[in-house]
Amino acid sequence: MTPFAAPVRDVRFVLEELLEHDSLSLPGFEETTPELVEAVLEEAARLAGAVWAPLNAGGDRQGCRRREDGGVEVPDGFAEAYRAYAEGGWNGIGVAEALGGQGLPEVVASAVQEMLHGANMALGLCPMLTAGAIEALAHHGSAAQQARYLAPLVEGRWTGTMNLTEPQAGSDLSRVRTRAVPCPDAEGDHYRLTGQKIFITWGEHDCAENILHLVLARTPDAPQGNRGLSLFLVPKFLVNDDGSLGERNDVTCTSLEHKLGIHGSPTCTLSFGEQGGAIGYRIGEPGRGLNHMFTMMNEARHKVGLQGIGVAERACQQALAHALERTQGRRPASRGGQECAIAEHLDVKRMLLSMRARTDALRALALTCAAQMDVARHAEDAEARHAAQARVDVLIPVVKAFSTDQAVDIASLGLQVHGGMGYVEETGAAQLLRDARIAPIYEGTNGIQALDLAGRKLTRDGGAALDGLIDEVEATARALSISEDLHYLGESLAAGATDLRLAASLVLEQSHDPDLGPDAVQAHATPFLTLTGHVLCAWQMGRAALKAEAALAEGSSDPFYRAKLASADFALRHWLPLGRAQLAGIEAGMARLADLDPASF
């Protein structure tokens, strides 16, 4: 099985050359130098490659085990690998120094997250959920809650979970039934919770001292629907006033799911209140639990996109290594006719280049989104912060949905490169496909991400934030068009931008039609997100082509830049046209869908 090497050079290209380390110029990052960022990336790559990645296949084979007492044992080596991560301070890499973190830019923390998920996606889920819990507490927790719970989370001594789903309440959270009853004998926002939550990632494990569950529940006087939900913090172990751990709370893991992939990640059914009620503490305002949870969910959705990119990167590495080693067939007579590795066959080259170009493009878009998060959080100018946040709001559903859809396809193509051996577990290609397949489903299905983009983010400002992004796409297309060697890429990118503007106007127009409205958004949402993803990723590769051309013109002999040009050429001339085809489906309208009776099948 091919060892995993974190893509430090590719990440540095995005941070240093595409983004030009813009985040480092923001207030709060004055002491974060490019040299420090480079050192952080190198050390993260070492942790990912030497500590986390070797456990990936074994964790998949061994899986997790639930004990009779409800405890969960994770695969061999996982607890030690997690502790190495926590003790190295990685859990607080993107957390503000005021909260006990290292205060590095989000774009750097995101790059590290991609490396770790590429190394071991199942293990990477644990700190990913904890990061979301930190965000939720930092934004919505009381001063007392932050003082008691934040430091151990930031240090990684405790971990966090997100508890939304119930058997009858998946995407429709208005059906949540878990109850939270105020404790009459306690001061403050103390409640007793009863109910069941399912599909809770890392809901029980033996890697950390304590687990803080963030739980959506309904108080007795709450109205029905989403507005009746509040957010509660439910510790596995109650916490004493001095910060020490007290008695075990009334929350139990009743079962583990047997899943297609991510076997090393314990996916739990949690029961609250079997012994009278689990003690919980309300976070934020009553009835605004879902709003508060979205702080955590938006963080997680961006990181799920990075998960997909990490798995895609690993699939690229494994497919290339196999293709260079596996000898089958001969070169054409025009190239000598000798036996050759399959990497020399043009159809295999096509698959390898498709995998690489798409992975590079997805990474650049995800890190561009993270850089905009930095601006939204740290820019001095309020207008700049607002504009950046509007872009983040548009980009997150694209990063989550498009990256994960593409990751599944890239992992599948990697298996195809392996041929029959890809279908055999020992190569690891099958695991990557199995692991990647969950990412389009959890943290809001990709269909919901598409509805968010087309039905909320596009309509709330009339498409202004997306228009601003398309303006930048067109600027890159113009820059490409004046290059003697890259003008053909500019033509392709400009055509994609035109298609995206037209698609956005059609979706907006039909969403305001009283006879179509929400149905039009539902019918066109996924094709629209797919087109958006293709165009914005092609934009990133157009920018990459300009940087690579400039480096070569200045005399660089680094083959890295020629590889980037090849990836850009494929992305804009072979991959982008597939995305542009989505416009035809949007223009075709929704009549056939609206008239369809599923029972007729």
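Start with helix H1 (8–18), which supplies four residues, the largest share, to the lining of the second largest cavity. Helices here are DSSP runs of H or I with at least four residues, strands are runs of E with at least two, and both are numbered from the N terminus. The model is predicted, so local features need pLDDT of at least 70 and side-chain atom pairs count only at pLDDT 80 or more, while totals for chains, interfaces and linings use all residues. Residues are numbered from 1 along each chain as its sequence is written, and side-chain values use heavy atoms, with hydrogens and water left out.

**Second largest cavity**

To see the lining, select Asp 10, Phe 13, Val 14, Leu 18, Asp 360, Arg 363, Ala 364, Gln 540, Met 541, Ala 544 and Lys 564. A cavity is a set of points, on a 1 Å grid over the protein atoms alone, where a 1.4 Å probe fits but cannot get out; lining residues have an atom within 4 Å of a point. The volume is about 60 Å³, counted as the space filled by probe spheres set on the points, which are joined across faces, edges and corners. Six lining residues are nonpolar, one is polar and four are charged. Ala, Val, Leu, Ile, Met, Phe, Trp, Tyr, Cys and Pro count as nonpolar, Asp, Glu, Lys and Arg as charged, and the others, Gly among them, as polar.

**Largest cavity**

Next select Leu 15, Leu 19, His 21, Asp 22, Ser 23, Leu 24, Val 37, Val 107, Val 108 and Ala 371, which line the largest cavity. Its volume is about 70 Å³, and its lining has seven nonpolar, two polar and one charged residue. The whole structure holds five cavities of 30 Å³ or more.

**Largest pocket**

A pocket is an open set of points with protein on both sides within 12 Å along at least five of seven lines. The largest pocket contains about 1200 Å³ of space. Select Ser 171, Ile 441, Glu 443, Gly 444 and Thr 445, the closest to its centre of the 46 lining residues. Then show helix H12 (446–460), which gives the most to this lining, six residues. By class, the lining has 21 nonpolar, 16 polar and nine charged residues.

**Ser 492**

Finish in helix H14 (residues 487–511) at Ser 492. Is Ser 492 buried or exposed? Ser 492 is buried, with a relative accessible area of 14%; buried means under 20%, exposed over 50%, and partly exposed in between (1.4 Å probe, protein chains only). Ser 492 touches Leu 572, Arg 573 and Leu 576, not counting residues up to four places away in sequence; contact means heavy atoms within 4.5 Å.
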